[in-house]
Amino acid sequence: MTSVFDLFKIGIGPSSSHTVGPMVAARRFREALPARTARVTAELFGSLAWTGKGHGSNRAIALGLMGARPETLDPDDVPALVARLFIRRSIEVNGARIAFDPEADLIFDFDTLMPLHSNAMRFRALAEDGAVLDERIFYSVGGGFVVAEGEPREPEAVEVPHPFATASELLSACARTGLTIAGLQMANECALRPAEEVEERLDAILAAMFASIDRGLAQEGTLPGSLRVRRRAKAIRDQLEADRLANRRPPHEIMDWVSVFAMAVNEENAAGGRIVTAPTNGAAGIVPALLRYVRDICPDTTHAQLRDFLLTAAAVGALIKRNASISGAEVGCQGEVGSAAAMAAAGLACVLGASPEQIENAAEIAMEHHLGMTCDPIGGLVQIPCIERNAFGANKAIAAASLALRGDGVHLVSLDQVIETMRQTGADMQSKYKETSQGGLAVNVPEC
């Protein structure tokens, strides 16, 4: 099964596939270095090469080789760690100095495409005489998931009480057991770890999501990179608060609050701050925005319902990851923002009392209306159109949940059919629209 903690991972920005994944891969390679290693090199291919600098992939690999973990790394420590590496031109492993010059030993290969996935990395461990002691290829397949060449794409199956591979099977399991989608996912999670640990980790994810919103709403200035994009979340929040105090609240005020919650997270992500992959960094604002919406705006929401939101969203995300993709480099932004909107719509519908069939309908509606969305970040930066795109995805998720709750769960197009359509659409999509910054807005809007 895909756990809720596979889809929601605390880490740093700006990209789960281009920052978190490379850091994880580099650390894995570091942990297996042969004893006689004198030098380490790394190569980036495909989408990692084309947009790696904008996404901080080079910095992430350097940090991983230094032993950093995305879930524990303090973003405020990153500048000093990277500066020290540029001075020493080496990493320390078990007390030994191993040469690694981030300018000479980290290579961007713009011409080679590896077979399994566009996000590919190759690491080499070299002896003093230059002989290759070890070589490993890793693929960052989206959402921070990393697969080494020769490993299965999906983890080894774990026996759980209520397995499901499709939305149809999920609904059948709910009907058979009488469990909600959240209850069924929780039962499966408890096959992996004690219930108390599941709840503690869910609470840690919720706290990290809300903290990323709070920090994003308080920050000003410009985001890193050549675009010099101004942070807007704090200014919008200040305007909303001023309108409230002056009693001039527009009818669409709630939409503005949801938008600014999502934008706050994605501005933090673009700045390399601490966020929760949900299910990717590029789409990390949508689920937190709706959680904040149900916590602060929907009446009488309990903490237990916030946990159920995450569990329900995870069940939907697991279906998309298994049967299509959550990787922008593989299927475009429909796999990132589209998946996040479907997950958030399902979670919101759950909190609002929907049946399993209505929840499936909510996810289907949200996913259906993101089909075909390309991934075309200007300058390879997770800023334009990504930040605003999260705001729209969050509001679409609310609309999807609302429409589903107005129905009885019976609908013509199933979630399984929409997921398969997304997979086929991604397969047909030209590579220039899959996180390479070679098409769309990335080539029609000048960087400066």
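View 1. In the unreviewed UniProt entry, residues 177-442 carry the annotation "domain: Serine dehydratase-like alpha subunit". The structure shown here is a predicted model, in which the end C-alpha atoms of this span lie 49 Å apart and the span is 62% helix and 2% strand.

**View 2. The largest nonpolar core and the surroundings of Phe 309.** The largest nonpolar core has 98 residues, and those with the most contacts inside it include Phe 8, Met 209, Val 287 and Phe 309. Helix H14, formed by residues 337-351, gives the most to this core, with twelve residues. Leaving aside neighbours within four places in sequence, Phe 309 is in contact with Val 287, Leu 290, Leu 291 and Val 294, and also with Ala 344, Gly 347, Leu 348 and Val 351. Apart from this core lies another, of 25 residues, among them Phe 29, Ile 61, Leu 65 and Ile 98.

**View 3. Helix H10, residues 253-270.** The 18 residues of H10 reach 25 Å from the first C-alpha to the last, close to the 26 Å expected at 1.5 Å a residue. Because 15 of these 18 residues are buried, H10 is largely enclosed by the rest of the structure. Just after the helix, Gly 272 takes a positive phi of about 80°.

**View 4. Leu 352 in the loop between H14 and H15.** Not counting residues up to four places away in sequence, Leu 352 touches Cys 298 and Leu 405, whereas its C-alpha atom is separated by 49 Å from that of Ala 83, 269 residues apart along the chain.

Notes
Residues are numbered from 1 along each chain as its sequence is written. This is a predicted model: local features need pLDDT of at least 70, side-chain atom pairs count only at pLDDT 80 or more; totals for chains, interfaces and linings use all residues. Side-chain values use heavy atoms; hydrogens and water are left out. A nonpolar core is a set of buried Ala, Val, Leu, Ile, Met, Phe, Trp, Tyr and Cys residues joined through side-chain atoms within 4.5 Å. Buried means under 20% relative accessible area, exposed over 50%, partly exposed in between (1.4 Å probe, protein chains only). Helices (H or I, at least four residues) and strands (E, at least two) are DSSP runs, numbered from the N terminus. Contact means heavy atoms within 4.5 Å. UniProt positions are given in the numbering used here, feature names are shortened, and annotations may be inferred rather than shown by experiment. The expected span of a helix is 1.5 Å times one less than its number of residues.
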